[in-house]
Amino acid sequence: MDDVDVTERNDAQKKQKAEKWKSCPAEEYAAVASALLHFSSKTVNSNTRLAGVRLAEEKAWDAPYVSARTLMSRGVRLSLDYGEGGAKTAGVYKQIRMVLNEEEGAKQASAEEKRVIREAVEKAYGQGFATGTEFVDHRLRQVLVPRNGVEGGYVSMTPVTSGGLCELLCAAGEGLVPRHNEHVAEERKSAEAQGKKAVLRRIRQGQFGIGGSNPQNIGGLVRSMQKPLFMDAPRAAFGIKEAFFLYHHGLPLDFSRPGPMRESLLAYAGFRTRYGLDSEKGQEGRSRLAVRQEEERLLGALAESVLSAGEDARDLLWECADSLPERFDARTGRRILVAESVASQAVGGLLEPELRDATWPRRMALAVMDAVERAEFHDGVRMLVLDLTASATAASILEESFR
């Protein structure tokens with residue numbers, strides 16, 4: 001049995017074990033529910049002292065933007081999260097969630113347990129709660145905001161994100177953003193088949209490794225916080241010169257330039273250094289499951305940064321489509337927004353998803369690896385130097401990410 005089979009079997013066993021219901025005393029459900037939060041400082045820095053806030057529903061505020069309070073004013077109940085407590089709290093919280101979301105595993109719970117859980121959570125929603133707010137931990141960032149009527153004219157604030165809000169927006173599969181992007185992909189495919197420009201635009205998301213390899217240590221909603229909305233800097237409406245460059249040359253895979261692609265490569269290079277993967281004992285470190293999973297996550301983020309750059313470039317091509325040379329697919333009659341010389345390259349498929357054939361994920365992975373190994377810090381210092389085995393392994397992981 002190979003290593004992949006063992007990993008899949010272990011994951012299945014863990015899932016089966018995790019879904020088994022474990023009855024808890026009513027006091028335990030009440031204790032966990034009473035400390036649930038909308039905002040937790042642990043999601044900013046896992047090493048900080050816990051500071052958290054739960055908003056009472058009476059704090060709802062009607063304003064023309066999206067926030068925890070404005071959503072509350074429209075009857076939206078954001079999920080609450082735990083701030084600390086370890087595996088025991090995480091287990092109780094998971095069962096609370098199973099009951100509230102009416103998941104399959106909750107069928108094992110007794111009617112009394114379900115009643116206790118729902119009453120405890122309902123009580124929590126009705127009461128405001130704060131903990132650890134006596135002072136600001138030195139690990140937390142602060143910003144100064146102008147305010148009239150206070151000494152000095154400013155107040156200091158520590159930005160903290162709501163896990164429940166992130167779940168509503170970004171949860172995999174069910175969040176508003178993934179659902180929107182899925183609709184965009186369908187609409188774009190239909191529009192391109194007719195040689196038209198898609199109306200809707202994809203909402204970009206970044207990759208943020210909040211919580212590390214064990215995000216459940218700092219909260220049950222942390223995974224929904226790992227792909228935040230990514231906003232590009234404002235740019236001029238015109239971009240004809242850049243569009244013509246993309247049309248004739250494709251998108252340069254330059255990991256040396258500042259931006260998300262460089263940041264994702266720096267994160268991967270730092271990971272390899274941290275675990276000594278390029279030393280003589282590097283293979284020993286990579287044999288650990290946690291290390292392999294972290295490598296897959298970081299290379300997945302790197303692939304996502306490349307795909308996002310391709311989406312941005314494609315949006316620019318469509319914005320300037322009226323000024324570009326017209327090329328049409330002889331078979332489908334669909335408009336092609338890259339030159340024939342680009343269409344045959346991997347970056348052609350990056351800009352034109354319809355050009356991606358069965359070989360594209362592999363060709364794209366190899367193109368990215370070539371660019372990665374040419375990337376420099378400065379003055380010719382390479383960001384990443386891999387041997388043949390490490391390079392082949394990274395290329396294989398990227399290939400899966402591009403499928």
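Trainee: How many bridges join strand S2 to S3?

Mentor: This is a predicted model. In it, three bridges join S2, residues 52-54, to S3, and the two strands run antiparallel. Within S3, threonine 131 is the residue opposite glycine 52.

Trainee: What is the order of the strands in the open sheet?

Mentor: The order is S1-S2-S3, an open sheet of three strands with antiparallel pairing. Strand S1 (39-40) and strand S3 (129-131) are at the edges; each has a single partner strand, so one side of each lacks a neighbour in the sheet.

Trainee: At what angle do the axes of helix H6 and helix H7 cross?

Mentor: In general, two packed helices are described by the angle between their axes and the distance between those axes. Here, the axes of H6 (residues 163-170) and H7 (residues 176-193) cross at roughly 15° and come within 4 Å. Angles under 35 degrees count as roughly parallel, so H6 is roughly parallel to H7. Leu168, Leu169 and Cys170 of H6 make the contact with Leu176, Val177 and Pro178 of H7. By class, the residues of this contact are six nonpolar, no polar and no charged.

Trainee: Which residues line the largest cavity?

Mentor: Rolling a probe the size of a water molecule over the atoms shows where empty space is left. Searching the whole structure gives one cavity of 30 Å³ or more. The largest cavity has a volume of about 60 Å³. Its lining consists of Leu37, His38, Phe39, Ser40, Thr43, Asp81, Tyr82, Thr161, Gly163 and Ile218. Four nonpolar, five polar and one charged residues make up that lining.

How values were computed: Residues are numbered from 1 along each chain as its sequence is written. This is a predicted model: local features need pLDDT of at least 70, side-chain atom pairs count only at pLDDT 80 or more; totals for chains, interfaces and linings use all residues. Side-chain values use heavy atoms; hydrogens and water are left out. Two strands pair if DSSP finds at least two bridges between them. Axes are lines fitted to C-alpha atoms, for helices over the stretch in contact, and angles run from 0 to 180 degrees between N-to-C directions. Angles under 35 degrees count as roughly parallel, over 145 as roughly antiparallel, 65 to 115 as roughly perpendicular and the rest as oblique. Contact means heavy atoms within 4.5 Å. Ala, Val, Leu, Ile, Met, Phe, Trp, Tyr, Cys and Pro count as nonpolar, Asp, Glu, Lys and Arg as charged, and the others, Gly among them, as polar. On a 1 Å grid over the protein atoms alone, a cavity is a set of points where a 1.4 Å probe fits but cannot get out, and a pocket is an open set with protein on both sides within 12 Å along at least five of seven lines; lining residues have an atom within 4 Å of a point. Grid points are joined across faces, edges and corners, and a volume is the space filled by probe spheres set on the points.
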